[in-house]
Amino acid sequence: MEQTKKDITLENGNRIPTDETARQYYFMEKARKYVEELAHKLGRKPTFCVTTFGCQMNARDSEKLSGILTAIGYENSENEEADFVIYNTCTVRDNANQRVYGRLGVLNSFKRKNPHMKIALCGCMMQESSVIEKIRKSYSFVDLIFGTHNIFKFAELFITCFENHEMIVDIWKDTDQIVEDLPVERKYPFKSGINIMFGCNNFCSYCIVPYVRGRERSREPKDIIREIETLVADGVVEIMLLGQNVNSYGKNLKDPISFASLLQEIEKIEGLKRIRFMTSHPKDLSDELIDVMAKSKKICRHLHLPLQSGSTRILKEMNRRYTKEQYLALARKIRERIPDIAITTDIIVGFPGETLADVEETIDVIKQVQYDNAFTFIYSKRTGTPAAAMEQVPEEIVKEGFDKVLKVVQDTARERVKLWQGQTAEVLVEEINEHDASLVTGRMSNNTLVHFKGDVSLIGKIVPVKLEECRGFYYFGEKI
Ligand code: SAH
Ligand code: SF4
Ligand code: F3S
């Protein structure tokens with residue numbers, strides 16, 4: 001790694017690079033020695049486990065943490081009775097937080113049995129000061145806490161954690177840094193998430209993400225392309241471009257570029273077979289993007305287009321910046337241009353002030369758009385967001401609306417998925433079926449799951465499969 005002239009020289013003659021990537025490699029080298037000593041003491045290679053709570057962006061961050069732990073000499077284990085355990089947390093809804101607190105108690109019992117065990121917490125929940133206070137008070141066995149903005153300095157924090165015996169807490173309020181080229185350990189050899197941007201500027205009134213992930217920052221296109229080329233050379237055939245609102249990608253770069261143009265550049269990468277992306281904010285979805293998708297041979301026939309509510313009044317309160325009619329017109333345009341596309345969505349029920357009449361508006365949109373799948377969430381009050389100060393909806397009303405929405409979502413999705421019955425689809429095989437080892441499980445371009453007879457040799461391959469039997473939201477098929 002190239003070092004800059006301004007490197008810091010320590011008393012012992014060692015130089016700490018100032019270039020951030022080089023600096024972190026310096027700390028990884030140092031960490032390797034600590035891990036070697038630990039391995040000697042234990043008489044075996046120490047193990048790690050990174051558990052992800054939350055979205056694909058968190059999952060990608062976890063792969064980066066795993067990359068560093070692997071690089072410094074730990075062995076990956078799925079088991080939380082490991083020597084280094086990280087919880088990469090989510091705080092989008094309160095139930096995500098509660099799961100973390102619940103499981104921390106169990107980690108403590110593992111730590112009592114293994115005095116060498118280190119416990120680290122990171123991710124979105126750690127950006128909330130009330131959470132840090134609670135952990136300091138009630139979970140003092142935690143060794144290291146860091147946030148979303150300084151995850152790139154995990155190697156450095158690891159050293160601090162090994163050299164000190166009290167709880168290390170390092171949380172930044174924000175950052176404009178994007179640190180490239182740190183190690184990554186992928187969960188799947190054949191597919192990978194790629195961050196194209198970080199943070200969010202939209203401030204939907206219910207949502208905590210802009211507060212815990214900071215302002216929107218796009219990566220340079222050349223860095224993204226280079227990362228994908230490296231992944232493809234390493235066997236990746238499908239990528240998922242990640243951002244809270246990919247449609248506003250590139251607007252703030254020194255040389256601005258649209259998301260649609262980025263996709264066209266990525267399409268040219270030889271050997272790459274499938275391109276997915278997530279998430280699209282309806283207010284920023286351009287005609288240019290629809291055109292590029294319609295013509296593309298690699299962009300998957302799937303668009304996740306979060307609706308949140310079908311009531312224009314509630315959408316306004318949510319600060320979503322589109323109306324019911326605008327959303328419907330957009331969905332119609334997409335279906336006209338790309339008839340075989342699957343549209344999926346997110347819906348919130350129980351936003352402050354929502355009545356059952358508003359819920360009917362949401363149901364009307366579901367029926368008109370005919371989603372292939374929809375995630376329905378009960379509104380969760382997040383401290384510090386504008387919606388938290390609004391009048392909350394009584395639980396019984398929320399429950400009634402939620403059950404209604406869920407039923408319509410499931411009925412329409414079932415109808416949509418059934419439309420493929422008897423056809424042949426290209427399926428990327430992902431894994432051996434969880435319940436029946438004689439089957440493999442894969443995904444169609446439109447993201448529908450398909451199970452069919454096959455073995456481990458098919459994993460990572462795209463094969464034609466006849467869709468024989470629709471079982472609700474997935475298919476049983478036969479390879480042809
Ligand atoms: N950036 C993405 C969404 C990220 S959060 C977008 O704008 O579409 C994923 C989903 O969680 C959101 O689409 C929303 O449906 C849901 N969500 C966010 N905040 C929530 C809250 N306070 N209560 C319930 N659901 C919420
Ligand atoms: Fe949250 Fe809205 Fe940003 Fe999505 S676009 S992350 S829902 S604030
Ligand atoms: Fe959760 Fe953070 Fe993602 S709050 S949904 S993990 S950006």
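Analyst: Buried means under 20% relative accessible area, exposed over 50%, and partly exposed in between, with a 1.4 Å probe and protein chains only. This is a predicted model, in which local features need pLDDT of at least 70, side-chain atom pairs count only at pLDDT 80 or more, and totals for chains, interfaces and linings use all residues; side-chain values use heavy atoms, without hydrogens or water. Residues are numbered from 1 along each chain as its sequence is written, while chains are lettered from A and ligands numbered from 1 in the order written.

User: Is Phe 158 buried or exposed?

Analyst: The cut-off for buried is under 20%. The relative accessible area of Phe 158 is 0%. Phe 158 therefore counts as buried.

User: How many residues of α5 are buried?

Analyst: Helices (H or I, at least four residues) and strands (E, at least two) are DSSP runs, numbered from the N terminus. In α5, the buried residues include Phe 154, Leu 157, Ile 159 and Cys 161. Their cover includes α1 (20-42), α2, β5 (84-89), β6 (118-123), β7 and β8 (168-170). Of the 10 residues of α5, the number buried is eight.

User: What is the centre-to-centre distance of the aromatic pair Phe 158 and Phe 162?

Analyst: Rings of Phe, Tyr and Trp (its six-membered ring) pair if their centres lie within 6.5 Å; planes under 30 degrees apart count as stacked, over 60 as edge-to-face and the rest as tilted. By this rule the count comes to 20 aromatic pairs. Phe 158 and Phe 162 form a stacked one, with 25° between the planes and a centre-to-centre distance of 4.6 Å.

User: By about how much of a helix are Phe 158 and Phe 162 separated?

Analyst: An α-helix has 3.6 residues a turn, so residues three or four places apart point the same way. Phe 162 is buried too, at 17% relative accessibility. Phe 158 and Phe 162 are four residues apart in α5, so their separation is about one helical turn.

User: Which backbone oxygen does the side chain of His 149 reach?

Analyst: His 149 sits in the loop between β7 (144-146) and α5 (154-163). It is buried, at 3% relative accessible area. Its contacts beyond four places in sequence include Gln 127, Trp 172 and Val 212. At 3.3 Å, its side chain reaches the backbone oxygen of Lys 173.

User: With which side chain does the side chain of Arg 274 make a polar contact?

Analyst: A polar contact is a pair of N or O atoms within 3.5 Å; within protein, one must be able to donate a hydrogen and the other to accept it, and residues adjacent in sequence count only if both atoms are side-chain atoms. Arg 274 lies in strand β13 (residues 274-278) and is buried at 6%. At 3.3 Å, the partner is the side chain of Glu 238.

User: What is the C-alpha distance between Leu 330 and Pro 282?

Analyst: Leu 330 lies in helix α11 (residues 324-337) and is buried at 9%. It touches Pro 282, Leu 285, Ile 290 and Leu 305, leaving aside residues up to four places away in sequence. Leu 330 and Pro 282 are 48 residues apart in sequence, and their C-alpha distance is 7.8 Å.

User: What is the phi of Gln 308?

Analyst: Gln 308 is in the loop between β14 (302-304) and α10 (312-317). It is buried at 8%. Gln 308 is not a glycine, yet its phi is positive, at about 70°.

User: What is the volume of the second largest pocket?

Analyst: On a 1 Å grid over the protein atoms alone, a cavity is a set of points where a 1.4 Å probe fits but cannot get out, and a pocket is an open set with protein on both sides within 12 Å along at least five of seven lines; lining residues have an atom within 4 Å of a point. Grid points are joined across faces, edges and corners, and a volume is the space filled by probe spheres set on the points. The lining has 31 residues, with Lys 64 and Asp 181 among those nearest the centre. The volume is about 740 Å³.

How values were computed:
Contact means heavy atoms within 4.5 Å.
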